Amino acid sequence: MGTRFDARGEAVTMVQPVSSGRLPACRVALLVTLLLPVVAATVSEQGEPPAIDVKPMLAAAREALGGETRLSGVKTFVATGRTRQIQGDNLVPIEFEISCELPDKCIRRDEIPARESGPTTIGFNGNDLIQIPIPPALPAGRIGPPPGGPPAVAGAPSGRGGAPPAQPAARRVATTKEDFARLWLGMFAASFTSLPVTFTYAGTAEAPQGQADVLEVKGPENFIARLFLFRETHLPVMLSWQGPGPGRGAGAPVENRLFYADYRDVDGMKFPFRLRRAVGADTVEETTFDRFRINARIDPRKFEVRK
């Protein structure tokens with residue numbers, strides 16, 4: 001059990017989002033867990049938030065992440081690490097490598113040491129999907145990866161906000177781009193042409209630990225999320241959006257959250273070395289990065305599209 005604070009500042013008892021065998025929450029994640037219920041109440045009580053220019057907020061965030069010159073100079077990056085993902089009653093370890101050639105090529109290769117199924121790769125090259133092994137064709141009307149497919153890139157299933165069903169192949173590409181965009185928002189606090197987004201002011205979130213500026217992020221096909229920038233550091237600390245619950249069923253959307261934490265220096269920039277993904281009240285995945293290599297040469301064959 002734990003405590004959070006509602007919009008009136010009153011303590012409310014809550015169940016911890018992790019349990020025995022699950023993943024511990026960091027201080028920043030706890031901070032934003034306190035902030036999240038407040039921002040919705042703040043905006044709803046005041047009506048539409050005032051038209052505040054978000055450019056200074058984004059500029060401060062990019063300065064905190066390393067500055068415009070350094071961030072704009074990132075053309076490629078390769079990141080390696082480990083993901084621990086809850087699958088049923090099991091905590092499954094996954095070793096991964098993410099390779100990105102910004103702005104329109106990115107893949108993630110996953111391997112589960114405890115299984116003999118072999119590695120899987122998911123990503124995109126322009127508007128083409130990269131997926132290895134090549135999945136079977138989806139039946140008409142079904143959206144999303146096939147059962148047993150690779151996990152979400154940045155720990156986040158995609159929420160559509162009522163968008164009309166897309167063609168299965170187009171839906172796969174869009175979902176994959178959204179997953180990578182959620183990672184990039186914590187690294188760069190910026191829009192990329194592969195999934196262009198706009199930022200508007202959504203409100204201020206408050207908690208005893210501090211305040212966060214909340215920006216609404218909108219992109220193609222009803223991609224909608226809220227980015228939390230901690231005022232003390234200007235760093236991104238969380239992205240939240242409405243999406244499917246566990247099992248990707250057709251039920252009502254639930255709150256999905258991706259927490260950015262443990263920012264460390266990488267060639268003069270600060271990147272999050274830990275991500276925590278929560279669906280509703282449950283932590284379902286934690287990702288730890290071991291290393292980022294900036295502007296490393298990437299074999300072009302990694303981005304080949306197999307038909």
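1. A nonpolar core is taken here as a set of buried Ala, Val, Leu, Ile, Met, Phe, Trp, Tyr and Cys residues joined through side-chain atoms within 4.5 Å, where buried means under 20% relative accessible area with a 1.4 Å probe and protein chains only. The model is predicted, with local features needing pLDDT of at least 70 and side-chain atom pairs counting only at pLDDT 80 or more, while totals for chains, interfaces and linings use all residues. Residues are numbered from 1 along each chain as its sequence is written, and side-chain values use heavy atoms, leaving out hydrogens and water.

2. The largest nonpolar core has 50 residues, and those with the most contacts inside it are Phe 77, Ile 98, Trp 184, Phe 188 and Phe 292. Its largest share, seven residues, is supplied by helix α4, residues 168-188, helices being DSSP runs of H or I with at least four residues, numbered from the N terminus. A second, separate core of 10 residues includes Ala 202, Val 214, Val 237 and Phe 259.

3. Leaving aside residues up to four places away in sequence, Phe 292 touches several residues, among them Phe 77, Met 187, Val 266 and Phe 271, a contact being heavy atoms within 4.5 Å.

4. Of the 307 residues of the protein, 50% count as buried. Among contacts between residues at least 6 apart in sequence, 53% join residues at least 24 apart.

5. One disulfide is counted, defined as a pair of cysteine sulfur atoms within 2.5 Å; Cys 100 is joined to Cys 106, with S to S at 1.6 Å. Cys 100 counts as buried because its relative accessibility is 0%, and Cys 106 likewise counts as buried at 0%.

Conventions: Helices (H or I, at least four residues) and strands (E, at least two) are DSSP runs, numbered from the N terminus.
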